[in-house]
Amino acid sequence: MTVQVFAQRPTAQPTRQPAASFLTALTGGDPSWDAWRDPSVPENVEHPPEVVRLLAFLDTEVDPDAVDREGEIPPFVIARLRDLGAFRLAAGEDLGGLGLTPYALFRTVEAVASRSVAIGFLLAVHNGIGVATSLLPTLPHGALRDLIRRRTREGMISGFADTEPAGQGNQWPRTTATPTPDGSAYVLNGDKLFISNGPVADLLGVTVTVRDEDGPRVGLAVVDTRTPGFEVRAGLEFLGVRGLPNGWLRLNGVTIPRDHVVTVAHGDPRRTPERTSALLTARLLIQGAPALALARNCLRWSREFTARRRVDGIGLGEYDLIQRTLAANAADVRAMDAVVRWSLGAPAPGERWFERMLARNFCTETATRVVDRTVSLLGGEGLETDRSKRRRGAPPVPLERAYRDIRVLRTAGGVDDLIDVQAAQALLAHLADTEPVGGFRDGAVPGVLPATENFFPRNARHLHDLHEDLARFAAACHDIGTRAAKGRPSGSQQYPLLLIGRIARELLGTAAALATAEQDGHQRLTDVHCTAARFRLRDLWAQLDAPDQPDHAGIARAVLSRDRHLDGLLGL
């Protein structure tokens, strides 16, 4: 029979949410500031010797420009990564790994991605959503668990194959698992698309629709890619993160033992609390860590460029717009760092799940602003590729690569807009299952402000504004939840949900920046970030509160229907 690992909970949250959570602040309208002083929030960690050796290898023997140019991580690099234990970073010491915490793993992926986003992405996928990380901890003792443990010790590469040509959001995978006549195995048939690590993986987790005698159900199949019938139909190349092994995979009569298919008693094994928690952490590793790496690189490039440039004898750093660019980049990098430390700092893996859901888009969107500002700043030297700069002897800066990479990070693993919508949906689902607290349903009165004597006056004002926004946010969620309960079509509620998701992550970034300022004294950086966030929040609130909207739906229908008048106006 198939392996059943856990029953699915009906509620939206992966685990019971602890008190020290920003989710409590969002739903109750009043943050517990003591939570942000939680000692479990880590400081920056030092890399262990194994990671130091890994980074030294990347610095001395890997050419990231060649990886991007050729669109391939050379086989010798992947082989050396195995030897250095790069595919056992999260595995326990009993499996020959380092047993890195999620936060230490994030810092390692970030350091690798600062050299090559493609290699950082490769390691994040394996150590984040590979079968050894996301599936092994939940498996009972047996042949499948033994297989994964053995292959982990050997340094296998893994990944997770879910997306299909029809898309990722379908409830039922079109890839099927059909029992053999004697019932001892399953035969897998179907295609998977956009599968990171797929072309180089040894073991893959594959979502399937299991066709059993009791009716169809969703399962997770563990496939050895050496099995006959497994085929990499094509390697895929994206506009950024070039070199990442990603492929279109086909399973054509792939036969695997019956106990290599994992199901749950009720529901979908992709959406169990344990797997949801693991995927949220993995998403932050895969997209958030490279995004922060790119932002830090851009801050360094901005500083170096500004220091060496003069205009009419005046150093570039003396000009107002340049000062604002550098300050904004520094403040955003600091805010990203604060959000990551808070989101991954909880001792239990299921805690702060909502923060991790918000942190992915916070990191990628914030890094996008940093990269874009840096492109504008270095535009004074010409928008050249790294190769072009090398040819004329200018300091080589791979900014063009960073510009492409950050755009892919906003889409990989889920389009950014939909991630914001999903965050809002998870929040409303949590509210539906939670007793109202604080002022949530009685006018959302702001809570008592904490002492502000440790803040500069401007940051004290930011803290006051944060409290007002939190109260307003709780009331807005209640209003949207009430409208949804009255049966309005779900499609018409997507944009308000998008705005709620974006507001939530702006509030998270503000709270993290303020808490960090109180702890380490970086008051000016905090003021810069919170001031910019305040302007973004004003726009988001204005859109959410707007009494009516333009006729987007009507125009979209006219465009899709090839309306002759509209086509003529648009020159289509």
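Through how many residues does a hairpin join β5 to β6? Through two.

First, the ground rules. This is a predicted model, in which local features need pLDDT of at least 70 and side-chain atom pairs count only at pLDDT 80 or more, while totals for chains, interfaces and linings use all residues. Residues are numbered from 1 along each chain as its sequence is written, and side-chain values use heavy atoms, with hydrogens and water left out. Helices (H or I, at least four residues) and strands (E, at least two) are DSSP runs, numbered from the N terminus.

Now the strands. β5, residues 203–212, runs antiparallel to β6, with ten bridges joining them; strands count as paired if DSSP finds at least two bridges between them. Within this pair, Thr207 stands opposite Leu220 of β6. Leu220 also has a bridge partner in β9, namely Val262. β6 and β9, residues 261–263, pair in the antiparallel sense over two bridges. Seven of the ten residues of β6, which covers 215–224, are buried, so the strand is largely enclosed by the rest of the structure. Buried means under 20% relative accessible area, exposed over 50%, and partly exposed in between, with a 1.4 Å probe and protein chains only.

Next, the cores. A nonpolar core is a set of buried Ala, Val, Leu, Ile, Met, Phe, Trp, Tyr and Cys residues joined through side-chain atoms within 4.5 Å. The largest one has 132 residues, and Leu81 and Phe473 have the most contacts inside it. Leaving aside neighbours within four places in sequence, Phe473 is in contact (heavy atoms within 4.5 Å) with Leu26, Leu427, Ile500, Ile503, Ala504, Leu507 and Trp541. Another core, of 18 residues, lies apart from the largest one; among its members are Ala177, Val210, Phe230 and Val254.

On to helix α5, residues 102–115. Eleven of its 14 residues are buried, including Tyr103, Arg107 and Glu110. These buried residues pack against α2 (49–61), α6 (117–129), α9 (273–308) and α10 (320–343).

Val241 has phi near 50° and sits in the loop between β7 (230–235) and β8 (246–257). Arg562, with phi of about 55°, is in the loop between α18 (552–560) and α19 (564–570). Which of the two is buried, and which exposed? Val241 is buried, at 4% relative accessible area, whereas Arg562 counts as exposed, at 66%.
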